[in-house]
Amino acid sequence: MPQLTPTTSAGPSVISAKWTHLSELYAEESKTIIKLSQLTKSSVSPSNIEKQKVSLALNVFSEKTSSALKSSAASNPGWQETAVFIDHVLRLWKVFNTKTVIENIRMRDPDRCAVDLSPTGQKPLEILEFWADCAAKMKPQGQRIKTFTKETSDALHWTCKCLLALCNYLLTTTTALQHQYVALGFFQQDDL
């Protein structure tokens, strides 16, 4: 899994997520009756065809998997960073899929708010800016090892940058196109 480089008040910090942490969590959970995550053998070790299944990706990138990694982080300290990476992906996913102005209230999740000019409505833009910066830094330098491909990095970077520009235009234009809010879930390709 790739590395994120979020900027904090102390400067940039690197978050390294490792797929082996997910494999180790699955192996640990397969020995017990109680499962904290939804990980399956197929989601941890997918075949080439299974890599295209959204349901298996959702088993990995879920709040349950993140929580399972965090709760086991005391015995496996490296798992915390993988959980943080999954949390960042989930936040971006929520921003991309928000379709109503009240989704954050209905779902009781502040990450699901529509973009508007209020301080709360600016949070999705901060998440998009964060991912645009991180994706630009995740480009492989030379041989690609443990990072996104150049194409994936560019696609994520430009998607986030374009959505930022689109929201800025729709919220601040003085033409008839001016909007009170923008729900980015309507700009995805699912309905095509």
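A residue is called buried when its relative accessible area is under 20%, exposed when over 50%, and partly exposed in between, using a 1.4 Å probe and protein chains only. By this criterion, buried residues make up 40% of the 192 residues in the protein. The structure is a predicted model, in which local features need pLDDT of at least 70 and side-chain atom pairs count only at pLDDT 80 or more, while totals for chains, interfaces and linings use all residues. Residues are numbered from 1 along each chain as its sequence is written, and side-chain values use heavy atoms, with hydrogens and water left out.

**Overall architecture**

- The protein contains eight helices and four strands, where helices (H or I, at least four residues) and strands (E, at least two) are DSSP runs numbered from the N terminus.
- Read from the N terminus, the order of elements is β-β-β-β-α-α-α-α-α-α-α-α.
- The C-alpha trace spans about 60 × 45 × 40 Å along its principal axes.

**Nonpolar core**

- A nonpolar core is a set of buried Ala, Val, Leu, Ile, Met, Phe, Trp, Tyr and Cys residues joined through side-chain atoms within 4.5 Å.
- The largest such core has 38 residues, of which L128, W131 and L184 touch the most other members.
- Helix 1 (19-29), helix 4 (63-71), helix 5 (79-96), helix 7 (123-137) and helix 8 (150-172) each supply at least two residues of this core.
- In soluble globular proteins, nonpolar side chains tend to be buried together.

**Contacts of individual residues**

- Contact means heavy atoms within 4.5 Å. Among contacts between residues at least 6 apart in sequence, 54% join residues at least 24 apart.
- Apart from neighbours within four places in sequence, L184 is in contact with V95, F96, T98, V115, L128, L163 and C167.
- K94 is found in helix 5 and counts as buried because its relative accessibility is 10%. Beyond neighbours within four places in sequence, K94 is in contact with E63, D109, D111 and R112.
- P140 lies in the loop between helix 7 and helix 8. With neighbours within four places in sequence left aside, P140 is in contact with T147, F148, T149 and K150.
- P140 and A176 are 36 residues apart in sequence, and 43 Å separates them in space, C-alpha to C-alpha.
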